[in-house]
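Please read them with the sequence and the coordinates open beside you.

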Amino acid sequence: MKHSAATSRIPRLPLLKRWRKLRAVALGAAACVWGTVATAADPFPTKPITEIVPFAAGGPTDVIARITGEHMSKVLGQQIVIENVTGAGGTTGITRGAQAKGDGYTIMMGHMGTHAAAPALYPKLKYNPEKDFEPIGLAVGTPILIVAKKDFPAKDFKEFVAYLKANQGKVNEAHAGVGSVSFTTCTLFDSQLGIKPARVAYRGTGPALNDLMGGQVDYMCDQIVNLAEQIKGGKIKAYAIATDQRSPALPDVPTTAEGGMPQFQVSAWNALFAPKGTPKEVVAKLNDALAKALDDATTRKRLLDLGGILPDGAGRTPGALGDLVKKEVARWTPILKATGAVGE
Amino acid sequence: MSDLVHNLQLGFATSLSLLNIVLCLGGCLIGTLIGVLPGIGPIATIAMLLPITFNVDPTSALIMLAGIYYGAQYGGSTTAILVNIPGEATSVVTVLDGHPMARQGRAGIALGIAAIGSFIAGTISTLVVAALGVPLSELALWFGPPEYFSLMVLGLTLAIVLVQGSLLKAGAMVLLGLLLSTVGADLETGQDRLTFGFDELSDGIDFAVLAMGLFGFAEVLRNLQSFEVQPQVHTTIGRLLPSRADFKQALGPILRGTGLGSILGILPGNGAVLAPFASYALEKRLADDSSRFGRGAIEGVAGPEAANNAGAQTAFIPLLTLGIPPNAVMALMVGAMTIHGIIPGPQVINNRPDLFWGMVTSMWIGNLALLAINLPLVGLWVRLLRVPYRLMFPAILIFCCIGIYSINNRPGDVLLMAGFGIVGHSLTRLGFEPAPLLLGFVLGRLLEEKLRQALVLSRGSFLPFVTRPVSCGLLIVAVAVLIIALLPAVSKKRAQVSLT
């Protein structure tokens with residue numbers, strides 16, 4: 001453990017610095033064109049901001065980071081550069097972010113996995129979601145859907161639940177890998193129902209969805225953005241959405257409360273964090289830029305089209321995010337520990 | 001049929017707008033360049049270019065990004081042929097005969113036939129996507145874990161045919177490849193396996209890290225050690241483009257490769273990587289004198305290159321018709337579409353026919369553009385071989401390092417690549433070939449994944465592998481290939497070949 005940390009740190013600095021420098025030069029040139037030539041006395045930000053996204057480019061969290069980042073860049077007058085640092089269920093990228101200088105020039109897009117589920121799944125986690133960050137603000141929540149293969153025999157959510165309980169030895173649940181959103185949320189679902197289905201592990205939502213569409217597996221839980229189009233196209237069936245209100249993106253899908261399971265409410269939230277020690281006024285500025293992005297008509301529409309839930313006034317403050325993290329860590333830890341799984 | 005014509009008209013109306021032609025050309029050119037640079041792949045490039053596509057129409061953005069993707073496939077074979085480094089998983093096979101051709105002063109012919117083969121394959125497979133995309137995507141859904149596992153088993157038997165030297169050594173390499181593919185967190189429990197406590201390894205070894213190490217770094221080391229005089233490209237650049245006879249020899253392999261690539265490209269889970277291996281194995285079997293393979297056989301370049309490009313095109317089918325990305329680049333395309341407010345799924349083709357058909361037709365335009373870009377460039381690329389080693393080697397190493405770092409932004413990957421460079425060099429010195437190792441590695445992950453998924457689904461029973469017809473058929477073919485390969489007569493022939 002210690003050994004690996006040491007070996008990874010030796011080469012990291014020079015390479016990273018050089019790369020950053022190169023990129024800063026290029027972006028500096030871009031910033032000049034933008035029309036804001038910075039001097040040292042100017043207030044934050046005077047140079048491009050790196051936003052670490054701990055998942056691969058193209059995934060739901062990355063898409064949200066890029067959509068919000070685009071408008072935030074306009075508000076801040078400096079480019080926000082997305083850096084995808086992947087690995088270990090997002091904890092690699094967040095670890096790097098947590099260790100970065102707290103000056104506001106390195107921020108990160110954390111999510112339910114990295115800031116709520118990770119402590120239970122990664123015994124060697126090098127950061128504490130509650131203590132090692134300055135929360136900036138909640139960006140977008142993406143509701144969780146419970147979906148099944150298109151010829152699944154149940155007519156509605158109640159029947160679906162009854163069928164699962166009666167046939168738990170026969171049904172197969174697909175998930176996108178230990179530690180993924182689809183794994184953690186379905187763990188909660190299964191444990192609330194008290195069932196133990198066969199859980200088939202896939203690497204990512206794509207292959208899992210493929211086998212669900214092909215009818216090889218019976219059901220899965222995942223974020224709305226990954227499933228909405230396949231539901232609309234009739235390739236899979238949606239039984240419920242785990243929010244208190246129906247989603248405008250899928251108005252025909254009832255909520256879990258309507259289906260008699262109000263206790264299953266879960267969303268994969270994405271939120272911006274800065275490293276511990278980032279000055280209050282810098283955090284406030286970033287929070288303001290995020291809020292303006294969420295109010296911008298184009299950005300708002302793009303996020304809503306994905307099925308996202310945008311926080312309102314009180315839910316947007318750094319304090320609210322801090323509370324959310326506390327609440328979520330407390331909620332997920334016992335459920336996930338009970339499975340004995342270790343994060344990938 | 002009239003539907004198809006109508007749709008293609010709609011598509012060309014979209015893809016032939018000035019902006020889209022410019023973006024398509026631009027994408028192809030960027031793709032070619034990054035494909036040529038060892039280690040720098042389309043994933044990092046597309047991710048970096050995503051922001052600049054924000055302000056153009058989604059169709060145009062996707063046309064450009066797609067151009068980068070298949071442009072990189074063209075460019076990757078250039079590096080494979082000229083400097084013995086496969087830029088992508090799919091150009092590993094091109095190295096086997098492409099580089100020997102370059103050493104014989106036939107680099108231009110190899111590059112030319114690769115470009116022409118890719119163009120023919122691209123044209124045919126574009127038609128496949130246009131005409132059969134929707135029905136074929138349904139077919140892919142039948143391919144459950146047992147079928148996929150059996151396909152991977154069949155894929156492994158190809159290794160036997162790939163071998164140029166000792167069968168035993170090749171087998172050992174395949175096993176080593178399989179073993180390396182199991183490094184990292186266990187699929188079901190998440191427990192680390194074979195990581196020796198290094199966090200960097202918990203997500204497994206990246207293919208590019210392994211390939212750049214085994215081929216890129218090792219190639220440089222090998223050349224440094226042997227103090228080899230640069231191959232005689234100075235004097236014998238020879239013909240720059242394939243002759244009529246070359247083309248005649250390559251046409252069959254190109255068409256067969258296109259067929260294989262088109263089918264395998266549709267499969268979920270990146271079946272396309274198997275296509276060049278399968279094509280190479282098929283051509284070697286069909287050849288009158290299989291001993292030419294590995295020593296600069298033109299069929300060994302033409303077939304796999306065509307298969308590679310056909311697979312790259314048909315890989316768009318699951319993305320565009322089901323919304324399921326079959327590989328990492330396609331996953332990135334999902335992101336690009338999503339950012340533009342078009343979430344890929346089964347409805348894209350109905351809701352946005354301009355986007356679907358515009359993209360399909362732009363693939364053909366892109367392939368034409370790539371032929372136009374690449375054929376004139378052949379002369380330039382061949383001249384690159386004249387660059388003195390003291391300049392070329394540091395450049396290769398630097399590009400490998402930058403490229404590997406850009407994939408995951410992890411410095412540990414660069415060190416790992418250097419480590420594999422030393423391993424690769426030692427293996428070559430000991431007479432082990434790296435190609436079977438890479439085949440084992442590529443197939444290993446899917447092999448294990450699909451086996452375990454199938455066993456969870458069957459509650460531990462192995463029966464589905466033989467009771468499901470497609471799976472059973474694939475296994476029978478695999479056994480047949482093995483038996484033919486191990487028949488005494490064939491083995492004797494192999495022995496004679498290795499003596500000569």
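1. I begin with a pair of helices in chain B, where the crossing of α4(B) and α14(B) is right-handed, a crossing being left-handed if the near helix is turned anticlockwise from the far one by less than a right angle, and right-handed if clockwise. This is a predicted model, in which local features need pLDDT of at least 70 and side-chain atom pairs count only at pLDDT 80 or more, while totals for chains, interfaces and linings use all residues. Residues are numbered from 1 along each chain as its sequence is written, and chains are lettered from A and ligands numbered from 1 in the order in which they are written. Helices (H or I, at least four residues) and strands (E, at least two) are DSSP runs, numbered from the N terminus.

2. The axes of α4 (residues 58-83) of chain B and α14(B) come within 10 Å and cross at roughly 165 degrees, where axes are lines fitted to C-alpha atoms, for helices over the stretch in contact, and angles run from 0 to 180 degrees between N-to-C directions. The two helices α4(B) and α14(B) are therefore roughly antiparallel to each other; angles under 35 degrees count as roughly parallel, over 145 as roughly antiparallel, 65 to 115 as roughly perpendicular and the rest as oblique. From α4(B) the contact draws on P58(B), A61(B), L62(B), L65(B) and Y69(B), and from α14(B) on V329(B), M333(B), A336(B) and M337(B), two residues being in contact if their C-beta atoms, placed from the backbone, lie within 7 Å. Sorted by class, this contact of α4(B) with α14(B) has nine nonpolar, no polar and no charged residues; Ala, Val, Leu, Ile, Met, Phe, Trp, Tyr, Cys and Pro count as nonpolar, Asp, Glu, Lys and Arg as charged, and the others, Gly among them, as polar.

3. The residues of the contact of α4(B) with α12(B) are three nonpolar, five polar and one charged.

4. Helix α4 of chain B also holds G75(B), which is buried, with 32 other C-beta atoms within 10 Å; a residue is buried if 20 or more other C-beta atoms lie within 10 Å of its own, exposed if 12 or fewer, and partly exposed in between, with C-beta atoms placed from the backbone. Leaving aside residues up to four places away in sequence, G75(B) touches G31(B), T32(B), L33(B), I34(B), G35(B), V36(B) and G87(B).

5. Two residues of chain B deserve a check of their backbone angles. N84(B), in the loop between α4 and α5 (92-103) of chain B, has a positive phi of about 65 degrees although it is not a glycine, and N84(B) is buried, with 23 other C-beta atoms within 10 Å. L194(B), in the loop between β2 (192-193) and α9 (207-226) of chain B, has a positive phi of about 50 degrees, again without being a glycine, and L194(B) is partly exposed, with 13 other C-beta atoms within 10 Å.

6. How many residues of each chain take part in the contact between chain B and chain A? In chain B there are 49, and they are in contact with 53 residues of chain A. On the side of chain B that touches chain A, α14 (328-339), α17 (389-408), α18 (411-429) and α19 (434-457) each supply at least two residues, and α14(B) gives the most, with six residues. That side of chain B has 26 nonpolar, 17 polar and six charged residues.

7. Turning to chain A, there are eleven helices and nine strands, and 56% of its 344 residues count as buried. Helix α4 (residues 112-121) of chain A is mostly covered, with ten of its ten residues buried, and these pack against α3 (91-99), β3 (106-111), α6 (181-193), β9 (267-275) and α11 (318-337) of chain A.

8. Finally, the peptide bond from F44(A) to P45(A) is cis, with omega near -5 degrees, and P45(A) lies in the loop between α1 (2-34) and β1 (49-53) of chain A.
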